[in-house]
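Me: I have a structure to go through with you. Take it in short questions and keep each reply brisk.

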Amino acid sequence: METLTPLLLLLLLLSLLPFLTLLLKRKHNSTCYILNYECYKPSEALKLDTSASCKVVLRNPNLGWEQYKFLLKTIISSGLGEETYSPPSVVAGREADPSLLDSLQELDHIFFQTLDSLFAKSRISPQEIDILVVNVSLLSPSPSLSSRIINRYKMRPDVKAFNFSGMGCSASLIAVDLVRHLFKVYANALAVVVSTESLGPNWYRGVDKSMMLSNCLFRSGGCSMLLTNRSDFRDRAILKLNHLVRTHFGANDEAHNCCIQVEDDEGYPGFRLTKKLTTAAAKVFVINLKVLLPKILPVSEIIRFGFVYLRSGKKKQLMELLGGAGGLNLKSGVDHFCIHPGGRAVIDGVGKSLGLSEYDLEPARMALHRFGNTSAGGLWYVLGYMEAKKRLKKGDRIMMISFGAGFKCNNCLWEVLRDLDDPNVWEDCIDRYPPKSLANPFAEKYSWINDECLSFIRIEDCVFSSCAS
């Protein structure tokens, strides 16, 4: 019997070997690296400066003085500058009746410019791609948008393609999360994520103020990313995904309806942003941070904060303690904050909640000023600003913070694998940022619209010299 015991142990170990091998393989495959990313840079002809914006506004016969006052106030306070970009159909004056061809060509420009650059920069052939994820919330044609990319680049028949719609501004991190999970199944894989939005066919033409906001904030943009779990590519990678937490607050009716695609009372389609959005964002942000922060902060900081929280008598909310004196020190686990540039109110709210400095908020503010709210692609313009300013050093940790329709909050933590200094999409303007002033020129040129003495004038009788072509 004694001689059988070692033999039985050996047989037991041999039987467990496949299971142990599988565990080690899954742990290895779960690694997610970013090799490169490329943000979309439209042509100069698509710039939506003050003059071009004025032309677009005046083409809408439904607008009156009250709507002009609202638009002026919104644009001035939006945080957008003079160099954001508009969809081609809007610049061409076809925003009232865009065709399907217009919509597809708008996306093709973004897809193919960023992917051509991404493949060339990474020295990777499209035929090497194993996984393709495309996210565009407001357009879902058939064949799918991912199929258009597969056809253009003649990708392999066994490429695993996924197409997201309706996911909103936080869609790119949802796509990254999907890739992360697929990497657990597919070893030594290369994945491409394409994140952008279809703006042309969704340009609002009515007078509902909650729906006019989207025209003032959203601009053309997008990004393509190349990810891998291949260990032999680690030396080529720029970022490693350490943690990602997704939170969906859609069970709450107010949160579900605060950011939604609808038709107004006159039948004009558009995207409605209600006053409940900031409340929904704050609530879902807290839920997300309760899961994410214990994963990214050192144990000593968690314990210290626990004592602070108990001393407060549990009367204060988590967000109050985060931004307050003696609150949670996020800098103990995070070096940079990559905040979705959804609008000045979004950036201000996150900054106040987390007790961030103007230095921390600068990348998001500058991305909003230069490119506007580019929806799902916005985070990567913020990251590009950090890289162009040479802020990102090996070992740094970047917290990405995103919000989207649903209502969703998706946040993650990246680790920088080497010093980064590519000027990327910011190459032609990074030396001008941050500007001395973020004041919008609309305030100076069109402040007279607020003059009550002029309210009797018909807008069609006015001559706008700066809008003359």
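Me: Which residue takes a positive phi in the hairpin of E7 and E8?
Reply: This is a predicted model. Five residues sit between the two strands of this hairpin. The phi in question is near 90°. The residue that takes it is Gly 267.

Me: In which sense do strand E7 and strand E8 pair, and over how many bridges?
Reply: Strand E7 covers residues 259-263, and strand E8 covers residues 269-273. They pair in the antiparallel sense. The count of bridges is five.

Me: What is the bridge partner of Cys 259 in E8?
Reply: E7 runs over residues 259-263 and pairs with E8, residues 269-273. Cys 259 has its bridge partner in E8. That partner is Leu 273.

Me: Which element gives the most to the lining of the second largest pocket?
Reply: The pocket holds about 370 Å³ of space. Its lining has 23 residues, and those closest to the centre are Ser 137, Leu 138, Glu 197, Gln 261 and Phe 271. H8, E7 and E8 each supply at least two residues. The one that gives the most, with three residues, is E7.

Me: How much space lies in the largest cavity?
Reply: The chain has five cavities of 30 Å³ or more. For the largest of them, the space comes to about 220 Å³.

Me: Which helices each supply at least two residues of the lining of the largest cavity?
Reply: The lining has 17 residues, and the closest to the cavity centre are Val 56, Val 57, Leu 71, Trp 203 and Asn 215. By class, the lining divides into ten nonpolar, four polar and three charged residues. The helices asked for are H2 (50-58), H3 (65-77) and H8 (209-217).

Me: What share of the residues in the chain is buried?
Reply: The chain has 16 helices and eleven strands. Its residues number 469. Buried here means under 20% relative accessible area. The buried share is 53%.

Me: What percentage of contacts between residues at least 6 apart in sequence join residues at least 24 apart?
Reply: Start with contacts in the chain between residues at least 6 apart in sequence. Then keep those that join residues at least 24 apart.

Terms used
Residues are numbered from 1 along each chain as its sequence is written. This is a predicted model: local features need pLDDT of at least 70, side-chain atom pairs count only at pLDDT 80 or more; totals for chains, interfaces and linings use all residues. Side-chain values use heavy atoms; hydrogens and water are left out. Helices (H or I, at least four residues) and strands (E, at least two) are DSSP runs, numbered from the N terminus. Buried means under 20% relative accessible area, exposed over 50%, partly exposed in between (1.4 Å probe, protein chains only). Contact means heavy atoms within 4.5 Å. On a 1 Å grid over the protein atoms alone, a cavity is a set of points where a 1.4 Å probe fits but cannot get out, and a pocket is an open set with protein on both sides within 12 Å along at least five of seven lines; lining residues have an atom within 4 Å of a point. Grid points are joined across faces, edges and corners, and a volume is the space filled by probe spheres set on the points. Ala, Val, Leu, Ile, Met, Phe, Trp, Tyr, Cys and Pro count as nonpolar, Asp, Glu, Lys and Arg as charged, and the others, Gly among them, as polar. Two strands pair if DSSP finds at least two bridges between them.
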